[in-house]
Amino acid sequence: MKITEESMRQPSEPESPVPQPESEPKRSEWEKLKAMSWKDRAWYIWAYYKVHMALIILAILILQVVITSIYHSTFDTALYTIVVNNRSEEEINYAVLQEDFAVYQSLGKKELVNAESVYITYGDNASELSYATMAKISALVFSNELDIIIGDEETIRHFASLNGYLDLENSLSPELLAFMQNRLYYAAGEDGVKRAYAVDISGTAFAANAHLGQDPPLLGIISNTARRDNTDAFLRYILAP
């Protein structure tokens, strides 16, 4: 073939396209998982979806907290008691307070009777835990949450010196005081004057059934309680069942 200027201007023949291998059809996530073993599925889900799973779990937990908070806000505290320095070998039986007294006082299902037990050492023997516990009790008192302390003599004397209890002789009705003959416990207040800041509940069915181990167990009503109806009823429940 003769090469001329004209032939050089003619376009060359296009090259034949290189054949490409056929791509596999794209599989869905379900199809991928279906083809795997259980072990591979677990690894695959953890590797590719752990962030999503963590977000879902976090959302569920947040939702649970919100729902629980809303639900608890529909409850009212009828009585809040703290038992201090109980030295009984048996575990405290809170049922006589949280269940039996609730029935005695005809409390509703959403009227709660709260009770807990703590240990406190005082003076030079006070531990960091004791200081933290006393701070918690102070916070409960200031927020008008705490109603009653059942403790040993040292506990009653400590909080009496802070004017933490009601003077029972001047606060209770004559009818209720009549059940407390020879049971009143006197301790010095902030001004050094002794008053009837507690009542000795030893020997009562309540003390025995609750497994109270103080010697003796003394009950004081917090001075700023907002639930006098229930605190007085609790005394009547213990002393005149």
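Predicted model: local features only at pLDDT ≥ 70, side-chain atom pairs only at ≥ 80, totals over all residues.
Reader: Why does A126 count as buried?

Author: Its relative accessibility is 17%, and buried means under 20%, so A126 counts as buried.

Reader: On to the rings. How many aromatic pairs does a search of the whole structure find?

Author: It finds 9. One of them is F101 with F234, an edge-to-face pair.

Reader: What makes the F101 and F234 pair edge-to-face?

Author: The centres are 5.2 Å apart, and the cut-off for pairing is 6.5 Å. The planes are at 75°, and over 60 degrees counts as edge-to-face. The pair links distant parts of the chain: F101 is in helix α4 (residues 95–104) and F234 in helix α10 (residues 228–239), 133 residues apart.

Reader: Why do F101 and F234 count as buried?

Author: F101 has 0% relative accessibility, and F234 has 0% too. Buried means under 20%, so F101 and F234 count as buried.

Reader: And why is the pair of F206 and Y237 edge-to-face?

Author: Their ring centres are 6.2 Å apart and the planes are at 75°, so the pair is edge-to-face. F206 belongs to helix α9 (residues 205–210) and Y237 to helix α10, 31 residues apart.

Reader: Which residues form one aromatic cluster?

Author: F101, Y104, F206, F234 and Y237.

Technical notes
Residues numbered from 1 in each chain as written. Heavy atoms only, no water. Buried < 20%, exposed > 50% of the residue type's maximum accessible area, 1.4 Å probe, protein only. Phe/Tyr/Trp six-rings, centres within 6.5 Å; stacked < 30°, edge-to-face > 60°. Helix = DSSP H or I, 4+ residues; strand = E, 2+ residues; numbered from the N terminus.
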